[in-house]
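Subject: Structure handover

Hello,

Here is the structure we discussed. My notes on what was found in it follow below.

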Amino acid sequence: MTAADLRDSILSHLRYGLGSDPDHATLHDWRIALSLAVRDRLVDRWFAAAQTARKAGAKRVYYLSMEFLIGRLLEDAIVNLRLEDQARGALTDLGLSPDTVIADEPDAALGNGGLGRLAACFMESLSTIGCPAFGYGIRYEHGLFRQSFDEGRQIEAPEDWLSQYHAWEFKRRDVRLRMCFGGEVVQEGGKSVWHGAEAVMAQAYDTPIIGWKGRWANTLRLWSAEPLHGFDLARFNRGEYAAAAEAEALARTISRVLYPDDTTEQGKELRLKQEYFFTAASLRDILRRFEAEGHALPDLPKYAAIQLNDTHPAIAGPELVRLLHDERGMPLDQAIATARGCLSYTNHTLMPEALERWSEGLMGRLLPRHMQLIERIDAAHAAETPGRKLCMVENGEVKMGELAFVMAHKVNGVSALHTGLMKETVFSELHRLHPDRIVNQTNGVTPRRWLLSANPRLSGLITDTIGEGWVDDLEQLEKLEPSLADPAFLDAYAGAKQANKVDLSNWLAAEHGFHVDPQAMFDVQIKRIHEYKRQHLNILEAIALWRDIRANPNNGWVPRVKIFGGKAAPGYVFAKEIIRLINDVAAVLNADPVTSPYLKVVFLPNYNVSLAEKLIPASDLSEQISTAGKEASGTGNMKFALNGAPTIGTLDGANVEIRERVGARNFFLFGMTAEEVEARRAVPDHARQAIAADPRLSGALKAISQGAFSAGDRHRYRGVVANLSGDDYFLVCSDFTAYWDAQRRADAAFADPDVWRRMAACNTARSGWFSSDRTIRDYMADIWDAKALVAGPAAPLHSPPGTIG
């Protein structure tokens, strides 16, 4: 395809699809026309891949996830179809700015953090590798929320991404499934039959996910909740206007918002409804496809690998048993074994409180048949494992982590450390009973999104140096190793980073009014706001540094800009206090004429994928400072390292493996190990001891207490200070001194350009193992027993007529 061909296609869609012309088209019109023109090139390959999988009788992977943080899709499609030059040429010919048109696309509000971004990377890698797969989730109307700040406080408003036409999805009017809740279970003809009291329809929307060079495309199928029956005209005509739309409003509630606040009973019920809604719809869709292809029911595990991304879809175990046993007559023991043969479970947390638990009362009321089946699954597991010391239903709660484990044939952690700790902590008893079930699959990220697209200056330098093969074989980055001793390469590498920093500085000034020096160190922490991720440790160090600079302004300080981004859950009060504290500290520090040339703090609102794509390529230092033993893996740490930002971090999650691969000299390590954390936590008054031992820490806490960042209000952060000087469960104070020392080592390294640029380049050259392509191949071999139908540089597919299924 030439640029002229693509230009003609854009104009055709503009005229016949959007009813506009070049003289009247808006930016939105141009972006939609371009999206549809690119989508045309994608759909044939998508259909061809589906038909190839059907003809081959291939085993499919089904990835069930509450989140898919896919970000913008237009640039992904252009890059993976290798249409970059054609798209830029066509738009330039039309008198348009390619960057402006592409940037007009809103991020799809389908996720929040690492869980959802991992799912998105996995979907892209599955397509790049050519493994037949479907992703299943919810089509959220409003996502988590759109974040803004008012006097430093987080303000939550609904995302409105679907207020615009979404060019990448196809509504499947023939895939519309009835989902039930509540009701009762009765015996009919010797069988248990569930009669639901409430029902909604699950409407499928499909988005094609294209892989590198367009060799394969898979499907992301998202479910939207709709009423069984539409608008009630009779009630409307009786003057009951609100009631006439009540059924639609209640149904749509299920797919409106990601992670509704569950601090109320209504919130808990809505969350469980969401989880059952998308899981049950997905399983019915999987069985429909399987049966349409004529396979025997006991062979389901040969054709379907169903991956549960965390405990959100853990209800899949009893639901699949119900579909096999209640609806298809398979004996219960065989149904449990068949379901287990299909299901595998990825654990993402070591915190017991984060492993979902639902009250027996809620489960029994909302899903009465599933409560019965959970008890029977539990009884069957007890019979299989005499002497076990746990059960799935305990103290009036259904433990979804244990249920997911028991109903999976494989359970995986997401980093080597995390997997080992799973065996020793949250699943120690289940690991004793099933010693071969837990396996490790260290996370990865897609290099197409996070290096090729996000950082064209660096990716261009890499391609010029070692060729293009790294794009779908990231471990080829090790070929850069000889260039690490080449001053010309290191100069070019540092030049690419500096140009990215200038771009970011200009954007910060233009969009947010923040004026920062691109020569300063850009020190970045962007992730969900949570106590264990310890954004408050970072801001405490900033306060201590500010105090030191004020006391000794001529001490040769290395200029630094601390950049934060991330959202706190609406009901997480302490995390929201951390956000406010960071913003309050930023207001004081940035206005200080003595210290601001050396230290500034920026908290950017509404962190999302597109913002990460701006920040990561321009970052100098990657903050990965969670309490050891709490972060399962992380993927942001991998993106930063890949883009040449050395890590300052603890031995937590995948930090351990990153440090092993990039080299200890290229990683700023601090803090206690997971074992030392447990020992320290047992020390009475550990926080007060740490505060007393470090005048910088005590001075920073005193400044907060005395209202230095709250206009003299000594009460505003009383809870934060009380937490840190009291229980301090996440050991912020005990790790502070080591963190301070590591930051000063980072200062010293950054002050020497030769040292820093080599550290940065080493991180890039040695991060090739952290590709989601590698992770997916390991899942295929170790968990799914799935095969790729496209391998290597196959010719582009040309599609005969077909459908997705």
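A crossing is called left-handed if the near helix is turned anticlockwise from the far one by less than a right angle, and right-handed if clockwise. Helices (H or I, at least four residues) and strands (E, at least two) are DSSP runs, numbered from the N terminus.

This is a predicted model: local features need pLDDT of at least 70, side-chain atom pairs count only at pLDDT 80 or more, and totals for chains, interfaces and linings use all residues. Residues are numbered from 1 along each chain as its sequence is written, and side-chain values use heavy atoms, with hydrogens and water left out.

Confidence. The mean pLDDT (the predictor's confidence in each residue, from 0 to 100) is 95 for the protein, with 98% of its residues at 70 or more. In residues 791-802 the pLDDT is below 50, and this stretch has 19 contacts (heavy atoms within 4.5 Å) beyond near neighbours in sequence.

Helix pair. The crossing of H22 and H23 is left-handed. Residues 535-551 form H22 and residues 573-590 form H23; their axes are 10 Å apart, at an angle of about 20°. Axes are lines fitted to C-alpha atoms, for helices over the stretch in contact, and angles run from 0 to 180 degrees between N-to-C directions. H22 is therefore roughly parallel to H23, as angles under 35 degrees count as such, over 145 as roughly antiparallel, 65 to 115 as roughly perpendicular and the rest as oblique. Among the contact residues are Ile539 and Trp546 of H22, and Phe574 and Leu581 of H23.

Positive phi. Arg534, in the loop between strand S17 (521-526) and H22, has phi near 60° without being a glycine. Its relative accessibility is 0%, so Arg534 counts as buried (under 20% relative accessible area; exposed is over 50%, partly exposed in between; 1.4 Å probe, protein chains only). Asp728, in the loop between helix H30 (718-725) and helix H31 (732-750), is also not a glycine and has a positive phi of about 40°. Asp728 is buried too, at 1%.

Cys733. This residue lies in helix H31 and is buried, with a relative accessible area of 2%. Leaving aside neighbours within four places in sequence, Cys733 contacts Asp728, Leu724 and Ala687, among others.

Cores. A nonpolar core is a set of buried Ala, Val, Leu, Ile, Met, Phe, Trp, Tyr and Cys residues joined through side-chain atoms within 4.5 Å. The largest has 152 residues, and Leu320 is one of those touching the most other members. Another core, apart from it, has 57 residues, including Phe574 and Ile704.

Regards
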